[in-house]
Amino acid sequence: MISISRIKRLICQQQNKPCVNLSNKIRPQKIQFKSTKDLFEYSKKRCVDALNLEKPYEHALIVDTKKNIVISEYVGDSKKCRLEDLNHLDLDKKNTAIIHGHPDSAPISTVDIKTMLDSGVYQVVAFNSRGEFSIVSRTPCEVKNINKKLMNLSMDAYNEHPVPHTLYNPFMHSMLSKHMPLMGLRYVSNYTCLK
Ligand SMILES: [Zn+2]
């Protein structure tokens, strides 16, 4: 049976309006952080704490790094976190970052990069349970056919996916290190398990 919240979401989608009753959205703390570093530390704690619970889950925040505020916050599950209203939010996109946790401790995924490109925000950050980061940012050197290049990277990552699975994170790290600069994007990580 279809739920009331699902009906509300469908109506919002049809009217192209932001939906206020998202099931996984929580009210963010209204804090004006003194610096972007403080905002980043707060967001990191929110994401990493969720990864260290008995039942770890993916937590996500959309933040404005100019005003140093959290725009919105979401609770996901052990595999993903939906940001359903991302494209309906009133964002200063050049100063907006998506910060989230990865329960599987993988670096930034091609889905994360696609979300960044499609939504127009400038950065996506993933944390693992140890609080290490993996970041992809846009630059003025972004290539014109970036979506095609990203799709190719996605397919290559899928086809060349290493076995056993424990090799996946270093594999993805090396793919990102090689391919992000070719797309005019910037990739940085301090994940220690990737080297
Ligand atoms: Zn992700």
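Q: Axes are lines fitted to C-alpha atoms, for helices over the stretch in contact, and angles run from 0 to 180 degrees between N-to-C directions. With that in hand, how do the axes of α3 and α4 meet?
A: The two axes come within 10 Å and cross at roughly 165°. That makes α3 roughly antiparallel to α4, because angles over 145 degrees count as roughly antiparallel (under 35 is roughly parallel, 65 to 115 roughly perpendicular, and the rest oblique). Welcome to the structure, by the way: this is a predicted model, in which local features need pLDDT of at least 70, side-chain atom pairs count only at pLDDT 80 or more, and totals for chains, interfaces and linings use all residues. Residue numbers start from 1 along each chain as its sequence is written.

Q: What makes something a helix or a strand here, and how many of each does the protein have?
A: Helices are DSSP runs of H or I with at least four residues, strands are runs of E with at least two, and both are numbered from the N terminus. The protein has five helices and seven strands. Along the sequence they follow the pattern α-β-α-β-β-β-α-β-β-α-α-β.

Q: Which handedness does the crossing of α3 and α4 have, left or right?
A: A crossing is left-handed if the near helix is turned anticlockwise from the far one by less than a right angle, and right-handed if clockwise. α3 passes α4 in a left-handed crossing.

Q: Which residues make the contact of α3 with α4?
A: Two residues are in contact if their C-beta atoms, placed from the backbone, lie within 7 Å. On the α3 side these are T110, I113, K114 and L117, and on the α4 side I146, N147, L150, L153, S154 and A157. By class, there are six nonpolar, three polar and one charged residues. Ala, Val, Leu, Ile, Met, Phe, Trp, Tyr, Cys and Pro count as nonpolar, Asp, Glu, Lys and Arg as charged, and the others, Gly among them, as polar.

Q: What makes α4 roughly antiparallel to α5?
A: The axes of α4 (residues 146–159) and α5 (residues 168–182) come within 11 Å and cross at roughly 160°. This angle makes α4 roughly antiparallel to α5. α4 passes α5 in a right-handed crossing. K149, L153 and A157 of α4 meet M172, M175, H179 and L182 of α5. The residues of this contact divide into five nonpolar, one polar and one charged.

Q: What lies in the loop between α4 and α5?
A: P164 lies there. A cis peptide bond joins V163 and P164, with omega about 5°.

Q: What is phi in N68 and in S105?
A: Phi of N68 is near 60°, a positive value in a residue other than glycine. Phi of S105 is also near 60°.

Q: What makes a set of residues a nonpolar core, and which members touch the most others in the largest one?
A: A nonpolar core is a set of buried Ala, Val, Leu, Ile, Met, Phe, Trp, Tyr and Cys residues joined through C-beta atoms within 7 Å. The largest has 32 residues, of which A60, V63, A97, I98, I99, V124 and V136 touch the most other members. Elements that each supply at least two residues of this core include α2 (36–51), β2 (59–64), β4 (96–101) and β7 (185–189). Not counting residues up to four places away in sequence, V63 touches L39, S43, I69, V70, I71, A97 and I99.

Methods: Buried ≥ 20, exposed ≤ 12 C-beta atoms within 10 Å, placed from the backbone.
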